[in-house]
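Please look over the sequence and the structure shown here. The report that follows takes up a single site, then one chain, then the contacts between chains.

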Amino acid sequence: MLLDAVFVLLILTNLILLGSSLLSASIRIVAVQGAVLGVLPFLAMAPDRLGRVLFLAVLTVALKGGVFPWLLNRALREVHVRREVAPLVGYSVSLALGIGLLALAFWLGGRIRDIGLGVSVLSLSTALFMMFTGLFLVISRQKALSQVLGFLVLENGIYAFGLLVVVNIHWLIELGVLLDVFVAVFIMGVAIDQISRAFDHMDVDQMNHLKG
Amino acid sequence: MNVVACVQTVLVLLLAPLLPGVINRTKAFFAGRQGPPVLQLYFDLWKLAQKGAVYSRTTTWVFRAGPIVGLAAVLVALFLTPFGKSAAPLAFGGDLILFAYLLGLMRFMTVMAALDTGSSFEGMGASREAFFSMLAEPAFLIGLVAVARVTGSLSLSGMLANVSAETWLRVGPALVLIAAAWMVILLAENSRIPVDDPNTHLELTMIHEVMVLDHGGPDFAAILYGAALKLWVMGALLVSLLIPVHPGVLWKNGLMFLGGMFLLAVGIGVVESIMARLRLARVPQLLMGAMALAALAMMLVLK
Amino acid sequence: MSAGMEFGLVLGVPLIGAALSILLRPPRLVLGVLAAIIGVEILCAGALIWPIVAGVQAQVAWSWFYLDALSAYHLAVMMIIFGLSTVFAGGYFGEEIRRKEIQDWPVRKFAALWCGSLAAMVLVVISNNLGVMWIGIEATTLMTAFLICVHRTRASLEAMWKYLLMCSVGVACAFMGTLLVVASARGIEAGAVHVLLWTQLRDAAPGLNQPVLKLAFIFLLIGYGTKAGLAPMHNWLPDAHSQAPAPVSGMFSGFLLNTALYCIMRYTAILEVATGGSGWSLQILQVFGMLSIGVAAVFILFQEDVKRLLAYHSVEHLGIMALGLGLGGLGAFAALFHVFNHSICKALAFFSAGRMGQIYGTHEMDRMQGMLRVNPVWGLGLLGSLLALIGMAPFALFMSEFQIAMAAMNRSAYVALIVFLAGTGIIFVGALKHAIAMAWGEPKIPVRASAAGWTDILIVAGSLGVLLAVGIWMPECYRNLLWRAAAIAEGKP
């Protein structure tokens, strides 16, 4: 049940994210999500790999719960934007679609479990729902920063999936993946800074010079 | 229909107007005021019942039927509502649907009566009420269905009595979600802060109070009493869900349940004291959030 | 020299180059060092590739590095493209330095990122570990993002953002696919198989969980397909290609896309072994190929910017490769042949377009007329490469496309054949119109004087010459290498 509660917590962070307009609040929620992800290795892995689990957990919490939010907050301060003013999809509708995505995730989770992955439907569905939420945020939000948050949530979903389904990956690979994501977020932060300097804002909807 | 259940229901009929009193006292305490007496609603009801009613010439029978049908509907709903873990006078498989529809009927009649006045102000309140309950009802029903699924019973009394410590250990997260969703809906449906402000009639953002502006005398008494009963029945479901043990003994159950109701009223008072009313545009989002919680709970129990 | 050391050198040399580019200051010196580094790199890679061409099955080091015919071929194409682009970049940025249109820092940034992305792509091609391969692909995205906006304008920033976001999301999907591939190996005794190593995974493929593997392939195809610019995930491609400086566009189109396609080939091999050669994965690849050809055919008709036109050509040709791979047999052979042809031709096309853009000061095709008169060398380069791109005989691209059509005919894949012929037909007409006007029209705007140096002549003549020569006559060892590579991509022993 503890594991269930963690998954429910993760799903709730996604739902809150879908309904939240304040960028700083969204960053905080993503940070919470990252920190909760750090707990997952303890619950999901065999205890005989404690050293590795500890290493992974500390790194995850530090990166996803600390460094990423810090980077994003810095970008946020520099661009002087507080809210996602006019998302492509309103917040109530986002939430409604979120419910639909949740149902889809649970359905798909059941299907995937049936084709032979030995994990619970809830864990699979949670990972899928995080991916869907991330993808949805990337598509439907106009602020560059929100899109980065969406990317992070997507990444979190895949990471959770990896923790649950795949146990025997070489630690070098995991390190490399985390490093890549870190660099991606860092570069996106720099890009946001440059974009806001060139455009005086970070609305992606005004990036419409290139068409066809 | 057993005698105990009937006695309990009569007790509820007498106690229901206490809830708003407790809520108001809690709010007054937080504001550092003396506050109205706990029995204020009883005095109001008594006063209103003495008066005659005035009806506008533009209204029809719908306007007069509104409060009466509404009160009747919620009374029937009360007969379906369990008293803690002890069964209601009326309990049969599928009564949860009837329960939801009775509350729906009450709302429908209130809305119709409001529209019947022809006043634009009341029409505004009616449209808001209809819109918000459109969002609140599915969430409420989804929660009921989820509980039914967990406990394997299709009647309100049965399923709430079946919620035990074991249930909580098994599907605790789902039950917490349902309780949270129901709390939001309880606040919304009973026109409490943060959805609606029960204190004032004349704000442009009012919902429930604005619909009943034109009622007076016994009609208004029926409305006030009906509202208190509605708060009670919805609160009773929530409290019964949250009590994780079945005491077995009658007086223990009664004590626990009434204690729970008292705590719930205090809780509502606290919420009203520490929160401001949401902007109207944010209300659908709140209700949608409640629906998301209920849906998530549903999926958790379905998997 | 051991294989391990060679692998180390191939990876290490570009990294040293990146470090040098940041440390050195004068832009001309940086460009010179860059050329030298790439030269050394080509030699190292050559030492690694040569035994494979001579007939060795595979070069292996520590079981994490692995080079067989398929990867050796791709490594060779990559080296040729990087060699060409670096030489061209020297001239291109040299011109801008001379005109003082570019500062010191962007040149150094370019050189460092150029070396970095080379290292990342080499990592993709030589790694046997699918996880490392993914890391390499993600690294190419990150390295190349800022290459797009070496010239920092609003449009280039926009293109960079689209590229960064779309490819990051896409590549994240590919990671999900990679994880699913590992998950599909659950049934196999844990520890006996290191499931991320491609060689071991391929050998163990018949025991993998097929439904999970198929799900994984869909994720992988969408993920790496985004990076490869397959429709409908191609949206970032025209923007990025048109806004990047010409050498970067050439490298993007010439090899970055192929790196991602290469990853897909690695997985089709596993899928084919696992499903016993059912062709399931190849059919999906075919569909994406046809879609890309169709989308490109429609959009090419409405292009006004020459670099966007070329970018849509990339979508088309990547689609043709995917289609060829999907057809299997002769198709796979032709697709791999097409990789080389397209890379050379497209690099040349972007170089010419870039130089002509510098001369005309615009990339709009309506205003870039009379190229053959304005600058015969690069004008000929653009005309020649455009003609080759649309499949004019006897260039090598005609040959490979012809072989793909043959393969479709042999397999009775008439839908694919019709889509392929119709798509290339439309593109032929649409692009030929532009090519003729640009080559022989009257110059409409005053142009800056420019002379073509001997490196320019060498690049144009060399590329067109190679395309012609390979189209007419194919060396035996080349043919062998391609057949071996095609067999690997199809999962045949």
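## A glutamate in chain A

Is Glu174(A) buried or exposed? The model is a predicted one. In it, Glu174(A) has 20 other C-beta atoms within 10 Å. The cut-off for a buried residue is 20 or more, so Glu174(A) counts as buried.

Glu174(A) sits in helix α7 of chain A, which covers residues 171-199. Asn156(A) lies 18 residues away from Glu174(A) along the chain. The C-alpha atoms of these two residues are 13 Å apart.

## Chain B as a whole

Chain B holds 12 helices and zero strands. Its pattern along the sequence reads α-α-α-α-α-α-α-α-α-α-α-α. The radius of gyration of chain B is 19 Å, close to the 19 Å given by the globule rule for 303 residues, so chain B is as compact as a globular protein of that length.

Along the principal axes, the C-alpha atoms of chain B fill a box of roughly 55 × 45 × 40 Å. Of the 303 residues in chain B, 50% are buried. Take the contacts in chain B with a separation of 6 or more: residues 24 or more positions apart account for 79% of them.

## Where chain A meets chain B

How many residues does each chain bring to this contact? Chain A gives 18 residues and chain B gives 14 residues. On the chain A side, the elements that supply two or more residues are α1 (2-18), α4 and α5 (121-140). Helix α4(A) gives the most to this side, with nine residues. By class, the chain A side has 14 nonpolar, three polar and one charged residues.

## The α4(A) and α12(B) helix pair

Two packed helices are described by the angle between their axes and the distance between the axes. Helix α4 of chain A (residues 91-114) packs with helix α12 of chain B (residues 283-302) at an angle of about 5°. Their axes are 8 Å apart. Angles under 35 degrees count as roughly parallel, so α4(A) and α12(B) are roughly parallel to each other.

From α4(A), the residues in contact include Tyr91(A), Leu95(A), Ile99(A), Leu102(A) and Phe106(A). From α12(B), they include Pro284(B), Met288(B), Met291(B), Ala295(B) and Met299(B). The contact of these two helices has 14 nonpolar, four polar and no charged residues.

## Where chain C meets chain A

Here 35 residues of chain C are in contact with 37 residues of chain A. Which elements of chain C give two or more residues to its side? They are α5 (130-148), α6 (154-183) and α8 (210-228). Helix α6(C) gives the most, with 17 residues. By class, the chain C side has 26 nonpolar, three polar and six charged residues.

## Helix α17 of chain C

Helix α17(C) runs over residues 414-440, which is 27 residues. At 1.5 Å a residue, α17(C) should span 39 Å. The C-alpha atoms at its ends are 38 Å apart, which agrees.

Which residues of α17(C) are buried? Among them are Ala416(C), Val419(C), Phe420(C), Gly423(C), Ile427(C), Ala431(C) and Met438(C).

Terms used: Residues are numbered from 1 along each chain as its sequence is written. Chains are lettered from A and ligands numbered from 1 in the order in which they are written. This is a predicted model: local features need pLDDT of at least 70, side-chain atom pairs count only at pLDDT 80 or more; totals for chains, interfaces and linings use all residues. Two residues are in contact if their C-beta atoms, placed from the backbone, lie within 7 Å. Helices (H or I, at least four residues) and strands (E, at least two) are DSSP runs, numbered from the N terminus. Ala, Val, Leu, Ile, Met, Phe, Trp, Tyr, Cys and Pro count as nonpolar, Asp, Glu, Lys and Arg as charged, and the others, Gly among them, as polar. Axes are lines fitted to C-alpha atoms, for helices over the stretch in contact, and angles run from 0 to 180 degrees between N-to-C directions. Angles under 35 degrees count as roughly parallel, over 145 as roughly antiparallel, 65 to 115 as roughly perpendicular and the rest as oblique. The radius of gyration is taken over C-alpha atoms; the globule rule is 2.2 Å times the number of residues to the power 0.38. A residue is buried if 20 or more other C-beta atoms lie within 10 Å of its own, exposed if 12 or fewer, and partly exposed in between; C-beta atoms are placed from the backbone. The expected span of a helix is 1.5 Å times one less than its number of residues.
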